[in-house]
Amino acid sequence: MKQFDLAIKKLLRDFNKTIVVYSAIFPFAKLIKEDPKKYCLGLIDILKYNTDSLFMPTFTNGFTNGVCNLDKEKSTTGALTEIFRTLKNTKRTFCPFFSFGVYGEAQNEVISLRPKEAWGAGSLYEWFYDNNITILTLGTDITHCSFTHYVEWLMRDKIKYRYNKTFSGNIILNGKSENCRTTLFVRQLNPSPQNDWTWAADNYINAGMKIVEYNGIKLSAISARKKIDTLVELVKKDNNCLISNRELFETRD
């Protein structure tokens, strides 16, 4: 764990200490010589120690029979995020599909957000951008980050493979039930776009992304604004650059 701590310190040296982590624990498997949960808790403790506020995606499948119980719904975004979600001092943001676990100084501010659009005005994604948080990847591809969808929302007038869809129901959070009506910018189903962001790696590096290795595992950091602004300029030039099956949508431009 000492090596991981040193790698994180090196990576975050010049970045905002409000961090959102996108992770895949599988690449760490060869390093785990103890209980996997204990190992994950060790990673989380180091991340908490090196940040002012720590976020992890704890996404769910939304409403079931009109209810999304965020007190009980497990995270669909990996083992590390689920362990983080269940920690005593972690709070969960209010969203039936794209909730985040959060620890630290930003908690009280972000748990009060109630946007009408999941990625729109007053959303956590807008908050990430406005506060220029740091996007950290652990074990996953350096381009793999759901925050990229925020670019599709910002450029929605040019994006033809998504459309607005509104969902409503009740969210249970901290033992309280609250009505929720939220609009998502969802994929078309027939045909369905396939996101591919791997090609953008060099663009991120040119924009200031830093990469370090921990036992052969790539860890990366980039500021939210650098990431989003870089992609916005690319989408302006090519509105299908974020999908791999672009040929199915080019006639719709």
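Predicted model: local features only at pLDDT ≥ 70, side-chain atom pairs only at ≥ 80, totals over all residues.
**Exercise 1. Classify the aromatic pairs Phe-63 with Phe-97 and Tyr-129 with Tyr-150.**

Solution. The structure holds 22 aromatic pairs, and two of them are worked through here. In the pair of Phe-63 and Phe-97, the ring centres are 6.4 Å apart and the planes stand at 85°; because planes over 60 degrees apart count as edge-to-face, that is the class of this pair. The pair links distant parts of the chain, since Phe-63 is in the loop between β2 (53-57) and β3 (67-69) while Phe-97 is in the loop between β4 (91-92) and β5, 34 residues apart. Both partners fall under the 20% limit for buried residues, with a relative accessible area of 18% for Phe-63 and of 13% for Phe-97.

For Tyr-129 and Tyr-150, the centres lie 6.2 Å apart and the planes make an angle of 50°, so this pair is tilted. Tyr-129 belongs to helix α5 and Tyr-150 to helix α6, and the two are 21 residues apart. Both tyrosines are buried. They also belong to a cluster linked by ring pairs, which includes Phe-55, Phe-98, Trp-119 and Phe-147.

**Exercise 2. Identify the charged residues that lie over the rings of Tyr-103 and Tyr-129.**

Solution. Over the ring of Tyr-103 sits the charged end of Lys-48, at 4.3 Å from the ring centre. Over the face of Tyr-129 lies Arg-225, at 5.9 Å from the centre of that ring.

**Exercise 3. Describe the nonpolar cores and state which element gives the largest share of the largest one.**

Solution. The largest nonpolar core has 49 residues, and among those with the most contacts inside it are Phe-55, Tyr-125 and Trp-127. Elements that each supply at least two residues of this core include β5 (100-104), α5 (124-130) and α7 (201-206). The largest share, six residues, comes from α8. A second, separate core has 28 residues, including Val-21, Leu-47, Ile-83 and Val-212. As background, nonpolar side chains in soluble globular proteins tend to be buried together.

**Exercise 4. Give the volume of the largest pocket and the make-up of its lining.**

Solution. The largest pocket holds about 620 Å³ of space. It is lined by 27 residues, of which Phe-59, Phe-98, Trp-119, His-149 and Arg-187 are the closest to its centre. The elements that give two or more residues to this lining are β1 (18-23), β7 (162-173) and β8 (176-187). Sorted by kind, the lining residues comprise 14 nonpolar, 10 polar and three charged.

How values were computed:
Residues numbered from 1 in each chain as written. Heavy atoms only, no water. 1 Å grid on protein atoms, 1.4 Å probe; cavity = no way out; pocket = protein on both sides within 12 Å on 5 of 7 lines; lining within 4 Å. Points joined across faces, edges and corners; volume = space filled by probe spheres on them. Helix = DSSP H or I, 4+ residues; strand = E, 2+ residues; numbered from the N terminus. Nonpolar A, V, L, I, M, F, W, Y, C, P; charged D, E, K, R; others polar. Core = buried A, V, L, I, M, F, W, Y, C linked by side-chain atoms within 4.5 Å. Buried < 20%, exposed > 50% of the residue type's maximum accessible area, 1.4 Å probe, protein only. Phe/Tyr/Trp six-rings, centres within 6.5 Å; stacked < 30°, edge-to-face > 60°. Lys NZ or Arg CZ within 6 Å of the ring centre and 35° of its normal.
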